[in-house]
Amino acid sequence: MISLLTPTHWKDYELIDCGDFEKLERFGNLILCRPEPQAVWKKTLSEQEWKKLTNIRFKGRSATSGEWVKTAGNLPDRWNVEYKNDDVKINLRLGLTSFKHVGVFPEQAVNWDYISSSIKKFKNPKPKVLNLFAYTGAASLISQASGADTTHVDSIKQVVNWANENQELSQLKDVRWVVEDALKFVQRELKRGKKYNGIILDPPAFGHGPNGEKWKLEDHIQEMMQDVVKLLDEEEHFLILNTYSLGFSSVIVENLIKTSFPQVKNLETGELYLQATSGIKLPLGVFGKFNTFSS
């Protein structure tokens with residue numbers, strides 16, 4: 001059974017509408033218009049409504065970069081939002097980057113809830129959690145706020161510095177920051193005999209490590225999964241694999257997990273999406289996740 005999951009209780013985020021390769025989103029008090037390659041259908045709201053609502057719009061210069069156009073001069077380049085569920089609360093600093101991103105992927109809130117609820121069920125009072133391709137650290141902070149000993153790995157130093165800012169904003173401390181190629185880090189942890197109760201993977205379709213290492217999802221994900229599952233604690237664990245690639249389906253993720261970890265229990269696979277206020281659904285990646293708790 002394939003699950004379709006969307007965040008349901010994030011007050012500081014709203015997908016207002018999407019279509020014609022764009023999405024209209026509210027982050028806190030600011031409404032942004034950004035490109036969205038998945039939105040191949042027509043917009044539900046009119047162009048006049050989009051223009052009236054938009055505070056800041058991203059104007060692409062190339063396939064990978066562009067600039068932000070503001071409707072008023074006093075609009076900030078940086079601002080904060082809050083996320084909380086029944087267990088934890090974190091704060092995130094957002095910013096207008098030249099790559100159209102703002103520092104958070106809102107659909108991942110579904111996985112954040114899974115992380116916090118899983119950690120609360122562990123008997124280990126200080127479980128170890130590893131977040132790979134960890135970006136600006138929302139999942140790491142959710143893990144740390146839930147009581148875990150968290151290691152955050154990303155290959156881009158500026159992004160890790162951003163994650164550390166979010167840690168300070170959230171009044172948390174002691175996340176272990178690692179700037180390194182994720183696959184190399186995993187292989188070194190295996191040699192050290194390390195074990196983790198929770199592992200989070202959100203690999204990009206393409207990427208580069210700090211020393212120019214090339215990452216291509218379909219070329220490296222099998223090796224990564226086969227190594228990662230060896231790091232899982234046998235008694236109690238969870239693992240989340242999230243992918244955003246137009247060519248990947250949840251069946252591929254299911255096959256990757258089952259062939260890498262044949263003894264998997266409580267496996268759930270499916271698709272993450274954002275529910276627009278206008279009524280349309282925006283698909284934003286596929287996931288596989290599983291957990292085991294001590295009896």
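Predicted model: local features only at pLDDT ≥ 70, side-chain atom pairs only at ≥ 80, totals over all residues.
**Stop 1**

Start by colouring residues 3-77 as domain 1 and residues 79-292 as domain 2. How far apart are the C-alpha centres of domain 1 and domain 2? They lie 24 Å apart. The contact draws on 38 residues from domain 1 and 42 residues from domain 2.

**Stop 2: the interface**

About 3,400 Å² of area is buried between domain 1 and domain 2, and carbon and sulfur atoms give 65% of it. Select Leu5, Trp10 and Gln38 in domain 1: these lose the most area to domain 2, together 20% of what that side buries.

Which charged or polar links cross here? Between domain 1 and domain 2 there are zero salt bridges by the rule used, whereas 22 residue pairs are in polar contact.

Next, show the strands of domain 1. Strands E1 (2-5), E2 (13-19), E3 (22-27), E4 (30-35), E5 (56-60) and E6 (66-70) each supply at least two residues of the side that touches domain 2. Pick out E2, which gives the most to that side, with six residues.

**Stop 3: threonine 54**

Is threonine 54 buried or exposed? It counts as buried because its relative accessible area is 11%, and the cut-off for buried is under 20%. Show its side chain, and you can follow it to the backbone oxygen of tryptophan 50 at 2.7 Å.

**Stop 4**

For the last stop, move along to strand E17, residues 281-292. How many of its 12 residues are buried? The count is 10, so this strand is mostly covered.

Now bring in the strands that pair with E17. Strand E15 (residues 237-243) pairs with E17 in the antiparallel sense over seven bridges. Select leucine 239 and you will find phenylalanine 290 of E17 standing opposite.

Strand E16 (residues 268-275) also pairs with E17 in the antiparallel sense, over seven bridges. Here, select glycine 270 and look for its bridge partner in E17, phenylalanine 287. Finish at the hairpin of E16 and E17, with five residues between the strands, where glycine 279 takes a positive phi near 110°.

How values were computed. Residues numbered from 1 in each chain as written. Heavy atoms only, no water. Buried < 20%, exposed > 50% of the residue type's maximum accessible area, 1.4 Å probe, protein only. Helix = DSSP H or I, 4+ residues; strand = E, 2+ residues; numbered from the N terminus. Pairing = 2+ DSSP bridges. Domains from an automatic or database assignment. Contact = heavy atoms within 4.5 Å. Buried area = accessible area lost by both parts, 1.4 Å probe. Salt bridge = Lys/Arg side-chain N within 4 Å of Asp/Glu carboxyl O. Polar contact = N/O pair within 3.5 Å; in protein donor to acceptor, adjacent residues only side chain to side chain.
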